[in-house]
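Please keep the sequence and the model in view while reading.

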Amino acid sequence: QLQASGGGLVQAGGSLRLSCATSGRGSGVTTVGWFRQAPGQEREFVASIKWVTGSTLHADSVKGRFAISKDNVKNTMYLQMSSLKPEDTAVYYCAAGTINSPFSGHYRYWGQGTLVTVSS
């Protein structure tokens, strides 16, 4: 199971840190990641990280502003978001999959989402 938290309302230019607690790892799971979905838009990739190597991917739209990290002891993944923009407003979902990939189809398990609202 994946439990996302940390969303909220923040002003543009501000920061938030999202957390995703995982209870165990499903079969074949090597990677955890974040996706987001804004109202009326499709879900899009934000960032991902491999549990063992720590290798990361970040979407171009968040590079330099967001950073994904993990704590293997706590089985928790984080997304540190800085320099937030109104266009970052979305429901953020954490997911677990078998490939370190920006494609949602590679992620087998999904959390419930946490809402991030960035005001201008």
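To how much does the accessible surface of the chain come, and what share of it belongs to carbon and sulfur atoms? The accessible surface comes to about 6,000 Å², and carbon and sulfur atoms hold 50% of it; such areas follow the Shrake-Rupley method with a 1.4 Å probe, and for residues only the protein chains shown count as cover. This is a predicted model, in which local features need pLDDT of at least 70 and side-chain atom pairs count only at pLDDT 80 or more, while totals for chains, interfaces and linings use all residues. Residues are numbered from 1 along each chain as its sequence is written, and side-chain values use heavy atoms, with hydrogens and water left out.

**Overall form**

- The chain has zero helices and eleven strands, where helices (H or I, at least four residues) and strands (E, at least two) are DSSP runs numbered from the N terminus.
- Along the sequence, the pattern reads β-β-β-β-β-β-β-β-β-β-β.
- The C-alpha trace spans about 40 × 30 × 25 Å along its principal axes.
- Of the 120 residues, 42% count as buried; buried means under 20% relative accessible area, exposed means over 50%, and partly exposed lies in between (1.4 Å probe, protein chains only).
- Among contacts with a separation of 6 or more, 56% come from residues 24 or more positions apart, a contact being heavy atoms within 4.5 Å.

- Strand β11 (residues 114-119) has a covered face formed by T114, V116 and V118, and an uncovered face formed by L115, T117 and S119.
- Strand β2 (residues 8-11) runs parallel to β11 and is joined to it by four bridges; two strands pair if DSSP finds at least two bridges between them.
- V118 in β11 is the bridge partner of V10.
- Strand β9 (residues 90-97) runs antiparallel to β11, with three bridges between them.
- V116 in β11 stands opposite A90.

**Aromatic residues**

- The chain has four aromatic pairs, counted where rings of Phe, Tyr and Trp (its six-membered ring) have centres within 6.5 Å; planes under 30 degrees apart count as stacked, over 60 as edge-to-face and the rest as tilted.
- One of the pairs is F35 with W110, which is tilted, at 5.1 Å centre to centre and 55 degrees between the planes.
- This pair links distant parts of the chain, with F35 in strand β4 (residues 31-37) and W110 in strand β10 (residues 107-110), 75 residues apart.
- F35 is buried, with a relative accessible area of 1%, whereas W110 is partly exposed at 30%.
- F35, F45, Y107 and W110 form one aromatic cluster.

**S48 and E44 in strand β5**

- S48 is placed in strand β5 (residues 44-50) and is buried, as its relative accessible area is 0%.
- The side chains of S48 and N100 are joined by a polar contact of 2.4 Å; a polar contact is a pair of N or O atoms within 3.5 Å, where within protein one must be able to donate a hydrogen and the other to accept it, and residues adjacent in sequence count only if both atoms are side-chain atoms.
- Beyond its neighbours within four places in sequence, S48 has contacts that include T31, V32, G33, N100 and Y107.
- E44 also lies in β5, and E44 is partly exposed at 34% relative accessible area.
- The side chain of E44 makes a polar contact of 2.6 Å with the side chain of R36.

- T22, in strand β3 (residues 16-22), is buried with a relative accessible area of 10%.
- The side chain of T22 reaches the backbone oxygen of N75 at 2.8 Å.
- N75 is found in the loop between β7 (66-71) and β8 (76-81), and has a positive phi of about 50 degrees although it is not a glycine.
- S83, in the loop between β8 and β9, likewise is not a glycine but has a positive phi of about 50 degrees.
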